[in-house]
Amino acid sequence: MAVIGCGTSWFMAQAYAALRESAGLGVTDPFAASEAFLGKARGYDAIIAITRSGTTTEVLRVLEAVKGRVPTVTVLGDADTPATPLSDETVPLPFADEKSVVQTRFATSALALLRAHLGEDLAKAVQDAEAALEVPVEKEWVDAEQFSFLGTGWTYGLANEAALKMREASQSWTESYPAMEYRHGPIAIAAPGRVTWLFGEAPDGLEGDVTATGARFVCHARDPLADLVLVQRVALERARARGLDPDNPRSLTRSVML
Ligand code: F1P
């Protein structure tokens with residue numbers, strides 16, 4: 001199976017694909033829709049597309065190219081989109097059709113839905129997400145010069161999304177890496193005043209390596225998807241502190257159409 005999307009939806013595709021494979025449901029490859037070249041997409045037995053707007057050109061191109069050949073399911077935020085008639089099945093999340101250019105609720109809702117579909121019990125994730133809405137956003141995070149987000153397996157997609165959220169909403173300098181890959185070079189920029197934020201469990205030795213640089217190491221025991229909610233709040237606070245509108249970043253539209 002292939003799972004496709006653009007921007008945030010691609011990162012949710014990455015997370016879901018890793019979870020699906022770990023659940024033993026077979027090879028599941030995530031693609032940025034722009035990279036899901038048509039011949040390649042036709043080689044899969046099924047495609048899941050994730051798109052809040054259902055209007056993103058690259059996603060529509062893939063759906064058009066495989067129509068009638070490969071079964072497709074599209075997870076959507078908006079109802080009755082151009083993606084709807086191109087998909088064999090759609091899963092609309094009407095409560096997640098947020099108006100903001102920057103995606104937050106759609107991302108967490110779509111991935112929660114897909115996790116539930118894999119049979120996961122999300123009770124802890126829900127509880128943790130509610131707590132993440134309440135915990136204070138630390139001043140050190142609002143003032144930090146740079147963030148590196150790390151994850152392993154499905155949480156690597158969350159790390160990518162966290163970095164994108166901070167860039168989009170608050171014009172922050174952020175990077176993201178598979179957790180162990182961070183030690184193969186990117187750690188060179190870790191320094192006091194910068195934050196390394198890990199989703200999920202810390203691999204042996206990573207925390208010590210990061211703290212030795214003077215950077216702040218952050219790793220919470222909460223469900224990683226709930227931890228993404230906290231990063232969304234950090235992005236909001238950083239935007240506010242800089243006088244930016246977190247919902248409407250410069251140079252970005254709610255959906256990108258070519
Ligand atoms: C995908 C996307 C968003 C991005 C911006 C532009 O949209 O790239 O991730 O934040 O809103 O569009 P979609 O295909 O999920 O509607």
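These are short notes on the predicted model shown above.

1. Start with the overall layout. Where they meet, domain 1 supplies 15 residues and domain 2 supplies 16 residues.

2. **The domain 1 side of the contact.** Which elements give two or more residues to this side? They are helix 1 (8-22) and helix 4 (105-117). Helix 1 gives the most, with eight residues. Now look at the classes. On the side of domain 1 that touches domain 2 there are nine nonpolar residues, six polar residues and no charged residues.

3. **The ligand shell.** Next, find the ligand. There are 17 residues around the ligand. Gly 7, Thr 8, Thr 51, Ser 53 and Thr 56 come nearest. Sorted by class, the shell holds six nonpolar, eight polar and three charged residues.

4. **Tyr 44.** Look for Tyr 44 in the loop between helix 2 (38-42) and strand 3 (47-51). Is Tyr 44 buried or exposed? Tyr 44 counts as buried because 22 other C-beta atoms lie within 10 Å, and the cut-off for buried is 20 or more. Tyr 44 and Ala 2 are 42 residues apart in sequence, yet their C-alpha atoms are 6.4 Å apart in space. Leaving out residues up to four places away in sequence, Tyr 44 touches Met 1, Ala 2 and Val 70.

5. **Helix 3.** Helix 3 covers residues 57-66. Which of its residues are buried? They are Glu 58, Val 59, Leu 60, Val 62, Leu 63 and Val 66. An α-helix has 3.6 residues a turn, so residues three or four places apart point the same way. Then check the backbone just after helix 3, where Gly 68 has a positive phi of about 85°.

6. **Strands 6 and 7.** Move on to a strand pair. Strand 6 (residues 146-151) pairs with strand 7 (residues 174-178). In which sense do they pair, and over how many bridges? The pairing is parallel, over five bridges. One place to look is Phe 149, which stands opposite Ser 176 in strand 7. Now trace the chain between the two strands. From strand 6 the chain passes through helix 7 (residues 154-170) and on to strand 7. This β-α-β crossover is right-handed.

Conventions: Residues numbered from 1 in each chain as written. Predicted model: local features only at pLDDT ≥ 70, side-chain atom pairs only at ≥ 80, totals over all residues. Buried ≥ 20, exposed ≤ 12 C-beta atoms within 10 Å, placed from the backbone. Helix = DSSP H or I, 4+ residues; strand = E, 2+ residues; numbered from the N terminus. Near = placed C-beta within 6 Å. Nonpolar A, V, L, I, M, F, W, Y, C, P; charged D, E, K, R; others polar. Contact = placed C-beta atoms within 7 Å. Pairing = 2+ DSSP bridges. Right-handed = clockwise from strand over helix to strand, strands pointing away.
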